[in-house]
Amino acid sequence: MEPMTTTTAGADARDEPRRGPADSPFVRACRREPGPHTPVWFMRQAGRSLPEYREIRANVAMLESCRRPDLVTEITLQPVRRHGVDAAILFSDIVVPVAAAGVELDIVPGTGPVVAEPIRTAADVDRIRPIDVTDVSYVDEAVRLLVAELGDTPLIGFAGAPFTLASYLVEGGPSRTHAKTKALMYGDPDLWHALCDRLADVTLAFLRVQADAGVSAVQLFDSWAGALSAADYRRFVLPHSTRVLTGLADTGLPRIHFGVGTAELLGAMGEAGADVVGVDWRTPLDVATGRIGPDRAVQGNLDPCVLLAPWPVVEAEVRRILDQGRAAPGHVFNLGHGVLPETDPEVLTRVVALVHEVSTRPAG
């Protein structure tokens, strides 16, 4: 695999000087520092809509693909080569660390993670063992390969937050209501906190492996936190997410925290220890900034469905989000959730170019 050049590694084609990942537009925005343009990347950019992803994943199960450093490396690089995004995100799945911790599960096509024996008792929690780099050596290897390939383009590591992982483990798979999760949370708070404590340990260890291997930032996904009230979030979730995010403070890496349907939780999520709070498409970025406060950058927040609309609609929405993002002390352009599989990849490429064009700032 040939090393990527600065241009193909996501820098704009305007012959910008070499910066290195730590001084990239993406990391600068995360740190609320000025940069040459608003950086852009897309959640679920590594795969989903790309034909080259579908080709390389043919006949390879999801968990297997996450455990093969060669596939992880290639899939992570694909959107960077194609779209010229300002950051890569490690191709993986949020259940990879809990599988490494001894939980028997599978990622079923069309369904998602399915857990063989859902968590019900303290004995079930005890089966989740601590992990270290030897348990996820394939992630360590993939990150090191990617850092070498990406050059100046930063690599984002990621993990699922304790609440979302706990929900999968308690429900046994995806859920619309999270009824079993909430029943455990309300009915046996001690068991709930024991489970989330264990998952926070696993998550923090998983992110530390990525940090030690050379990622430039990390993102903690709490995909299902929006199912909770603000009071329940503060009682049952915030302490565990805080443990993970503050546990990474000594790495010096920017920390991004994202959830879906979290409009009423944005203030609390901003308190968890992240440098950047991801905002879904339901809340305008200027409103979100008012809730999060002036000490955090924001990330987001184009509705993924907009990408299926005619280009003039897409362009207008991109410009609106860039305008609203100016209210924040730092803005990373992204979607309000992940890329939909039916998205035309060419539209994503055009969005990257438009964001760079509209947001370019004078040098000096």
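User: Does Q45 count as buried or exposed?
Analyst: The relative accessibility of Q45 is 3%, and the cut-offs are under 20% relative accessible area for buried, over 50% for exposed, and partly exposed in between, with a 1.4 Å probe and the protein chains only. This is a predicted model, in which local features need pLDDT of at least 70 and side-chain atom pairs count only at pLDDT 80 or more, while totals for chains, interfaces and linings use all residues. Residues are numbered from 1 along each chain as its sequence is written, and side-chain values use heavy atoms, with hydrogens and water left out. Because its value is 3%, Q45 counts as buried.

User: Which backbone nitrogen does the side chain of Q45 reach?
Analyst: Q45 sits in the loop between α1 (25-30) and α2 (51-57), where helices (H or I, at least four residues) and strands (E, at least two) are DSSP runs numbered from the N terminus. Beyond its neighbours within four places in sequence, Q45 is in contact (heavy atoms within 4.5 Å) with several residues, among them L50, P79 and V339. At 2.9 Å, its side chain reaches the backbone nitrogen of F42.

User: How far apart are the farthest two C-alpha atoms of the residues in the "binding site" feature?
Analyst: UniProt, in an unreviewed entry, places this feature at R44, Q45, A46, G47, R48, D93, Y168, S223 and H337; its positions are in the numbering used here, feature names are shortened, and annotations may be inferred rather than shown by experiment. These residues span 294 residues in sequence and do not all gather at one spot, because their farthest two C-alpha atoms are apart by 22.9 Å.

User: What is the relative accessible area of H337?
Analyst: H337 is found in the loop between β9 (331-335) and α16 (345-359). Leaving out residues up to four places away in sequence, H337 touches M43, R44, F258, V260, W281 and P304. H337 is buried, because its relative accessible area is 18%.

User: How many of the residues of β9 are buried?
Analyst: On one side of β9 lie H331, F333 and L335, and on the other V332 and N334, with both faces covered. In a regular strand the side chains alternate between the two faces of the sheet. The strand is largely enclosed by the rest of the structure, because the number of its residues that are buried is five of the five.

User: Which strands stand at the edges of the open sheet?
Analyst: The sheet has seven strands in the order β1-β4-β5-β6-β7-β8-β9, with parallel pairing, and two strands pair if DSSP finds at least two bridges between them. Five bridges join β8 (residues 297-302) to β9, and N301 stands opposite N334 in β9. Each edge strand has a single partner, so one side of each is left without a neighbour in the sheet, and these strands are β1 (88-89) and β9.

Note on methods: A polar contact is a pair of N or O atoms within 3.5 Å; within protein, one must be able to donate a hydrogen and the other to accept it, and residues adjacent in sequence count only if both atoms are side-chain atoms.
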